[in-house]
Amino acid sequence: MPSLRIYFIFSILLFHVISVPAQVSGTILDQNGDPLAFASVYIKGTSKGTTSNIEGLFILDLEQGNYDLVFQYIGYKQLIKKIKVSKDPIVLEIKMEEEAVKLSEVVVRADEEDPAYRVIRAAMAKRKYYLNQVETSACEVYIKGNIKFLNAPEKFLGQEIGDFDGNLDSNRQGIIYLSESEAKLYFKRPDKYKEIMKSTKVSGNDNGFGFNQASEMDFNMYRNYALYNRQIVSPIASNAMAYYRYQLEGTLYDEDGQLINKILVIPKRSEDPVYKGYIYIIEDLWNIQSVDLTLMSGAMKIPGLDSLNIQQQYLPVEEPDVWRIFTQTIDFQAGLFGFKLRGTFTAIYSDYEIDPNLPDDFFDNEIFRVDEEANERGLDYWAQVRPIPLTEEESEDYIKKDSLQVIRKSKPYLDSVDAKNNKFKPLDLLFGYNYQRSFRKEYFSFGSPLTTLQFNTVQGLNGDLNFTYRRLFDDYNMRWFSINPKVNYGFSDKQLRASFNFFYNFNRTKFTRLRIAGGRTTAQFNPGNPISNTLNTQVTLWARENYLKIYEKNYGLLGISHELWNGLYLTSSIEYAQRRALVNNSDYSLRLRDDKFFTSNNPQAPDLFEPAFDQHEALIFNLALRIRFNQRYSQYPGRKYIEGSKWPDFWLVYKKGIASFGSDVNFDFLAFQIRDYYIPTGVWGRSSFRFEAGTFLNNSRLEFMDFKHFNGNQTSIGSPFRYNFSFFKLPYYDFSTNGAYMDLHFQHNFEGFIFDKLPAIRKLGWMAVAGVKLLATENNPAYMEYNFGIDNIGIGPLRLFRIDGVAYRNNGTWDLGFVLGLKL
């Protein structure tokens with residue numbers, strides 16, 4: 001192994017010696033000669049430096065001159081080596097020693113406090129000072145990401161997996177993602193970022209940009225919380241004493257004589273949102289020198305993620321006490337269904353500028369931008385600029401995958417793969433069939449009617465025959481179109497209904513999309529589809545409850561959506577439909593009961609077995625405007641990704657029934673909505689809020705399907721994905737209105753705040769949830785619900801269930817019920 005390491009170093013030197021003035025390289029080892037991965041190397045008094053790779057190798061390009069090189073590794077004595085750089089390369093072997101003053105001489109009695117608490121309290125007192133110390137900053141960031149399969153099964157769900165297009169070796173191991181990037185990162189207090197990616201490379205994908213993003217790796221320990229899947233408490237947060245115990249394991253001095261306290265961070269409860277590991281605090285300054293902290297699966301509550309380790313090292317960038325992060329390594333391990341993988345993302349922050357001179361409008365809503373030519377630089381460029389040497393495995397991965405991608409983009413190769421995948425198999429009759437012409441970017445799919453079989457009392461047994469054709473015009477999925485014809489047949493009403501949807505996506509910068517649809521189909525009176533076809537089938541056949549109420553329409557629709565400017569999104573459509581009432585044609589169920597009868601298909605009069613309305617024509621115009629203040633976004637070449645906002649979405653919705661061209665409807669509907677408002681509450685969890693109010697400005701002529709309807713539920717089965725805008729126990733159509741209304745939904749997920757404190761339950765990974773819902777309409781008493789439940793119920797990563805107890809008031813009477821939520 002040592003000979004291989006030396007050969008690797010000299011191979012790199014041979015490649016680079018022509019193109020750089022001089023180069024310092026070498027290996028960083030511990031006292032036993034084992035490599036120290038991700039050790040920091042930097043020029044004293046600057047933020048220019050690098051870090052070692054997983055094999056302990058490092059490279060640093062320097063101009064000629066004299067330097068003090070600082071070698072630093074968490075838990076080891078800092079080492080400073082003086083070097084003189086000339087035209088000749090320098091090769092170093094650095095051996096670092098562990099250094100900590102043992103506390104054997106200090107006896108802490110049971111009634112005494114560990115010395116670590118004095119240090120932690122001092123660091124807590126200075127936390128806000130260091131958090132707000134710098135108004136603005138800028139730095140260069142290099143990131144390397146590597147995700148590797150440690151093991152992969154040969155079969156999954158009975159299907160051969162293969163070698164993932166050559167990514168797996170004979171041991172079922174191999175790199176599946178390798179990427180490098182260079183960016184300029186700007187920061188403004190308290191939490192504004194702008195990141196400009198100047199160059200990036202993804203192994204085997206010249207069109208890729210990877211997902212290396214420094215602003216997404218902001219795990220600042222000076223903030224009370226850092227967001228992973230949940231808010232994790234910092235070891236020096238204002239409330240940290242409630243979550244951690246501390247132990248002073250030792251002290252060490254750096255080369256400048258600064259005393260550094262090594263403190264063991266111990267969770268009081270393993271399922272709390274907490275780290276475990278070490279934090280290093282500098283005496284008197286009380287700032288963080290480095291951290292080596294780990295999150296376990298119970299703390300993160302991310303299915304399949306076993307552990308995540310974060311190492312950070314800080315260095316001084318400005319007198320007297322401005323320290324900034326220099327290196328950060330995030331190392332995680334995950335496993336799911338027999339797959340085991342490990343991912344490592346290492347970032348080097350260099351060339352800091354404190355309070356740079358930036359325009360007043362520099363920090364706008366664009367938080368991340370990729371330069372047009374960022375992914376056009378080849379291996380030669382990266383060989384010159386990368387601060388972390390590639391391992392031998394990474395070098396081979398680049399060479400192999402970059403060669404293979406040329407073959408895999410070729411027409412002969414894509415045609416051969418398609419020929420194999422396009423073969424029709426008997427099981428395709430059950431699960432559907434896919435056909436593609438990859439080189440032309442054409443994709444066909446056929447959905448099996450057997451997978452769409454449903455039952456309702458109007459059509460009886462019915463199923464769909466679906467076809468989809470999709471054509472892409474570029475590698476980035478920016479411009480495409482699809483057409484989806486569908487045929488439905490009901491065996492009880494003996495009706496064949498055919499319809500289609502056509503979509504054309506013009507771009508991914510303004511999200512311009514055209515929709516054309518039409519045909520003959522059925523639709524629920526509530527267009528929000530309060531009950532799914534699948535659930536209605538089950539309760540109809542087994543409980544003789546036919547909640548699904550539908551009508552038929554022959555229609556044509558034209559719609560378009562477009563972002564007018566950032567944060568202002570417009571969607572509109574116009575539809576002309578002939579609408580016809582339908583009646584029950586089946587009384588079949590699997591559970592026959594003499595005392596149980598199906599209701600009619602008239603939602604306003606369930607006991608009246610006559611058509612719910614007269615056949616009529618309707619010309620309806622819809623317009624919706626979404627206003628999202630301070631909408632953050634990332635800009636890539638030719639496309640834009642929305643990153644959300646701290647504000648909720650505000651919607652203005654207008655709907656007009658036009659009494660022209662033979663249309664029988666005449667109404668005006670206006671609504672105001674607040675949607676998608678998510679409120680983090682630290683260790684208390686997170687809340688969501690939705691509000692809507694509206695009225696009919698004109699209701700001269702409208703049919704029941706034009707009323708304002710609300711998403712209710714009369715079964716004991718719910719969909720947690722809809723709980724932000726649906727009710728647990730509201731009757732489906734009792735509160736439908738052609739007047740004014742208001743509804744409100746508030747839900748809170750405590751995550752582990754409650755159950756993590758209960759010894760007998762916390763290992764289960766459950767989360768407590770609670771909420772309140774309110775609906776007020778004209779001429780009806782207010783409807784109200786309170787719910788309390790348990791979420792995240794399941795085994796391992798399969799957390800598919802939630803159960804809620806609901807207290808609800810309808811017509812002035814309170815009642816109780818339960819709803820089982822299925823996340824399917």
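Let's start with a pair of side chains: Asp-706 and Arg-579 meet in a salt bridge, with 2.8 Å from N to O. Asp-706 sits in the loop between strand 37 (686-701) and strand 38 (717-718), while Arg-579 belongs to strand 31 (residues 568-581), so this contact ties together parts of the chain that are 127 residues apart in sequence. Keep in mind that what you are looking at is a predicted model.

Are the two partners buried or exposed? Asp-706 has a relative accessible area of 3%, so it counts as buried. Arg-579 is also at 3% relative accessibility, and is therefore buried.

Side chains of opposite charge can pair when their charged atoms come close. Across the whole structure, a search turns up 43 salt bridges. Here are three of them, side by side.

| Asp-706 | Arg-579 | 2.8 Å |

Asp-68 is in strand 5 (residues 65-72) and Lys-82 is in strand 6 (residues 79-85), so to speak two distant parts of the chain linked across 14 residues.

## Empty space inside

Rolling a probe the size of a water molecule over the atoms shows where empty space is left. How many cavities of 30 Å³ or more are there? The count comes to 4.

The largest cavity has a volume of about 460 Å³. Its lining is made of 27 residues, and those closest to the centre are Tyr-193, Asp-218, Asn-220, Arg-324 and Ile-325. Several elements each give two or more residues to this lining: helix 2 (116-131), strand 8 (136-151), strand 11 (174-188), strand 19 (305-318), strand 20 (322-336) and strand 21 (339-354). Which strand gives the most? That would be strand 20, with 4 residues. Sorted by class, the lining of the largest cavity has 16 nonpolar, 7 polar and 4 charged residues.

The second largest cavity holds about 70 Å³ of space. It is lined by 13 residues, and Gln-72, Tyr-73, Tyr-76, Leu-252 and Gln-289 are the closest to its centre. By class, this lining divides into 6 nonpolar, 5 polar and 2 charged residues.

Most residues other than glycine have a negative phi, and most peptide bonds are trans. A few spots in this model go the other way.

One runs from Arg-189 to Pro-190, with omega near 5°. Pro-190 lies in the loop between strand 11 and strand 12 (192-202). The other cis bond joins Glu-319 and Pro-320, where omega is about 0°. You'll find Pro-320 in the loop between strand 19 and strand 20. Both of those strands also turn up in the lining of the largest cavity.

Lys-441 has a phi near 60° and sits in the loop between strand 23 (433-437) and strand 24. With a relative accessible area of 22%, Lys-441 is partly exposed. Asn-792 has a positive phi of about 65°, but its place is in strand 41. Asn-792 is at 13% relative accessibility, and because buried means under 20%, it counts as buried.

Strand 41 (residues 783-795) also holds Glu-785. Is this residue buried or exposed? Its relative accessibility is 0%, so Glu-785 is buried.

A nonpolar surface patch of about 890 Å² is formed by Leu-427, Leu-430, Phe-431, Leu-450, Leu-453, Leu-461, Tyr-489, Phe-491 and Leu-496. One of its members, Leu-450, is in the loop between strand 24 (442-447) and strand 25 (454-456).

Note on methods: Residues are numbered from 1 along each chain as its sequence is written. This is a predicted model: local features need pLDDT of at least 70, side-chain atom pairs count only at pLDDT 80 or more; totals for chains, interfaces and linings use all residues. Side-chain values use heavy atoms; hydrogens and water are left out. Patches are made of residues with over 30% relative accessible area and no salt bridge: like charges are joined within 9 Å, nonpolar side chains (Val, Leu, Ile, Met, Phe, Trp, Tyr) within 5 Å. Accessible areas come from the Shrake-Rupley method with a 1.4 Å probe; for residues, only the protein chains shown count as cover. A salt bridge is a side-chain nitrogen of Lys or Arg within 4 Å of a carboxyl oxygen of Asp or Glu. On a 1 Å grid over the protein atoms alone, a cavity is a set of points where a 1.4 Å probe fits but cannot get out, and a pocket is an open set with protein on both sides within 12 Å along at least five of seven lines; lining residues have an atom within 4 Å of a point. Grid points are joined across faces, edges and corners, and a volume is the space filled by probe spheres set on the points. Ala, Val, Leu, Ile, Met, Phe, Trp, Tyr, Cys and Pro count as nonpolar, Asp, Glu, Lys and Arg as charged, and the others, Gly among them, as polar. Buried means under 20% relative accessible area, exposed over 50%, partly exposed in between (1.4 Å probe, protein chains only).
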